[in-house]
Amino acid sequence: MESYQYLIDYLKNSPPIIQAVWILSCFFFIIIVILIIYLKYLRGHLRNNEKVVAKYQKEYESYLISYLYAGNEEEEISGEQQTIIEKLKISAADIFKRRIIVSTLLRLRNEISGEMAESIQKLYYQSGLIGYALSRLKSKKWYVVAKGIRELTHFHVKEVHDEIVILVNHPKKEIRKEVQLYLVTLFHFEGLKFLDVLQTHLSEWDQIQLLEVLQHFENQELPNINPWLKSTNDSVVTFALKLAKIYNQFEAKDAIMELLTHQQKIIRVDAIHVLSNLQVVEAKDILKNNFDKLSLEEQIAFFKLLENMYETSDEPFLLAHVTYENFEIKLSALKILKIFNIEKFKSLKEISSEPEFIRIFKFIAHNQL
Amino acid sequence: MSEAKKIVLAEDNSTLSLLLKFRLEKEGYKLLVAADGKEAIELIEEQDPELILTDIMMPFISGLEVISHVRNKLKKQTPIIVFSAAGQEEMVLKAFNLGANDFMGKPFSPNELVIRVKRLLR
């Protein structure tokens, strides 16, 4: 009692700031204790959850394996398979169990091919899981719709193409991404037709993901990309240029050359890069004649093109630009000259006394580029 | 009656390992399943199997380390089949350099796996 009294007297007689510090310390101490108790509870809850999930996962794994090996040649669905389907239908009514069933089916479906994979697909339909995925498409919550589309993509459900394709210009980018991946994963290059009607922006990340999916298909035949190169949606044009570069679409060169006068500089620069990749000689002359009207980025891109497609007739043009103000252009011009006319290159040693020029010249002279 | 040939399967996907166990035991083999590389090595050392099936990416010890352990430390010539996911071509080449005998890219057909197992255990 005396010690408490001492503490109380101490607090009462302390300056206000010390009192405030003590009060705050006690307050934070209580908060920390509450949080520790809550974390312990949460950890226990999560661990229990994990055990429950593991238990159901094991149960559904054994159902799945039994289903796959219970078939016979006489019936389409054997008695044992029908029993398993009914059990799964009952379990699937509960959202928690449904998630585990779907993840179990997917874990196996992603690893195997052939008739086993087709059987898993059949089970997805027969157990009614497809109905739940389809109902998600009508949800008012965007994340539910997105998850529904993703599940239908994973299970290769092509029949719902018409219901999904109408979401291609959905205001939520997460849904648009899932729609795009659905169309391309299931319908391969034909699925890219959504680009005809896409009005929203196709981000760089979306483009990378689509290209990643496309590269895995055996049939690498691209449909006609000209309409996409002429699209009013700039991101579609950018994506079409990527396709032209990766799939060597030489037949689209005329449409790509038209992009040299596009209003967006970044598209003009991309077009130059693609034309360089496709070795389109006509582009070189057009750009050379308009060189002074190009922006700096286009001029640099043009010199990169020239590094791929130089001819001896380009020598006067190159000589005119060896002392250009921009570093990359100077470097490119000297590099190209060294390759096809080493004597002329050597004679340029004294052409300028600028330190930058001298450094570039020495670097190119002493290195194999 | 000859004893069933032992196969160690190292695969962290429990659904796939259950399927393969079922399938291969139907063919008369005895399957010993490991959920990770560490468990796989323990099983190989204890049971001396006739064949090893191993995934490449696994917890603790990878499939490549399992192959290296079998060939370089245990000095065994047990046939080894490696499973690889798409995009792991470099890993598959490393697996062959370490001494793997065959590989199957995922997704694979279990029926084809059985044919390859039978061929290696002939």
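How many helices and strands does chain A have? Chain A has 20 helices and zero strands, where helices (H or I, at least four residues) and strands (E, at least two) are DSSP runs numbered from the N terminus. The radius of gyration of chain A is 33 Å, well over the 21 Å that the globule rule gives for 369 residues, so chain A is more spread out than a compact globule. Here the radius of gyration is taken over C-alpha atoms, and the globule rule is 2.2 Å times the number of residues to the power 0.38. This is a predicted model, in which local features need pLDDT of at least 70 and side-chain atom pairs count only at pLDDT 80 or more, while totals for chains, interfaces and linings use all residues. Residues are numbered from 1 along each chain as its sequence is written, and chains are lettered from A and ligands numbered from 1 in the order in which they are written.

Along its principal axes, the C-alpha trace of chain A spans about 95 × 90 × 40 Å. Buried residues make up 27% of the 369 residues in this chain; a residue is buried if 20 or more other C-beta atoms lie within 10 Å of its own, exposed if 12 or fewer, and partly exposed in between, with C-beta atoms placed from the backbone. Of the contacts in chain A with a separation of 6 or more, 64% are accounted for by residues 24 or more positions apart, two residues being in contact if their C-beta atoms, placed from the backbone, lie within 7 Å.

The loop between α12 (234–246) and α13 (253–258) of chain A holds A:E251, and A:N248 lies in the loop between α12 and α13 of chain A as well. A:N248 has a phi near 45°, a positive value in a residue other than glycine, and counts as partly exposed with 14 C-beta neighbours inside 10 Å. A:E251 is also partly exposed, with 13 other C-beta atoms within 10 Å. From C-alpha to C-alpha, A:E251 and A:I225 are 9.4 Å apart in space and 26 residues apart in sequence.

Turning to chain B, its secondary structure comes to five helices and five strands, which follow the pattern β-α-β-α-β-α-β-α-β-α along the sequence. With a radius of gyration of 13 Å, close to the 14 Å that the globule rule gives for 122 residues, chain B is as compact as a globular protein of that length. Its C-alpha atoms fill a box of roughly 40 × 30 × 25 Å, taken along the principal axes, and 37% of its 122 residues count as buried.

The five strands of chain B form an open sheet with parallel pairing, in the order β2-β1-β3-β4-β5; two strands pair if DSSP finds at least two bridges between them. Strands β2 and β5 (102–105) of chain B are the edges, each pairing on one side only. Strand β4 (residues 80–84) of chain B pairs with β5(B) in the parallel sense over four bridges, and B:F83 stands opposite B:M104 in β5(B). Helix α1 (residues 14–26) of chain B packs on the sheet, touching β1 and β2 of chain B, and its direction makes about 165° with that of β2(B). Axes are lines fitted to C-alpha atoms, for helices over the stretch in contact, and angles run from 0 to 180 degrees between N-to-C directions.

Helix α2(B) lies across β1, β2 and β3 of chain B, running at about 165° to β1(B). In this helix (residues 37–47), the buried residues are B:G37, B:A40, B:I41 and B:I44. They cover an arc of only 100° around the axis, which puts them on the same side of α2(B); the arc is that of the directions from the helix axis to the C-beta atoms. Their cover includes β1 (6–10), β2 (30–34), β3 (51–55) and α3 (63–73) of chain B. The face turned away from the buried side of α2(B) carries the exposed residues B:E42 and B:E46. Just after α2(B), B:D48 takes a positive phi of about 45°.

Two loops of chain B complete the backbone picture. B:K75, in the loop between α3 and β4 of chain B, has a positive phi of about 55° although it is not a glycine, and is exposed, with 7 other C-beta atoms within 10 Å. The peptide bond from B:K106 to B:P107 is cis, with omega near 0°, and B:P107 lies in the loop between β5 and α5 (110–120) of chain B.
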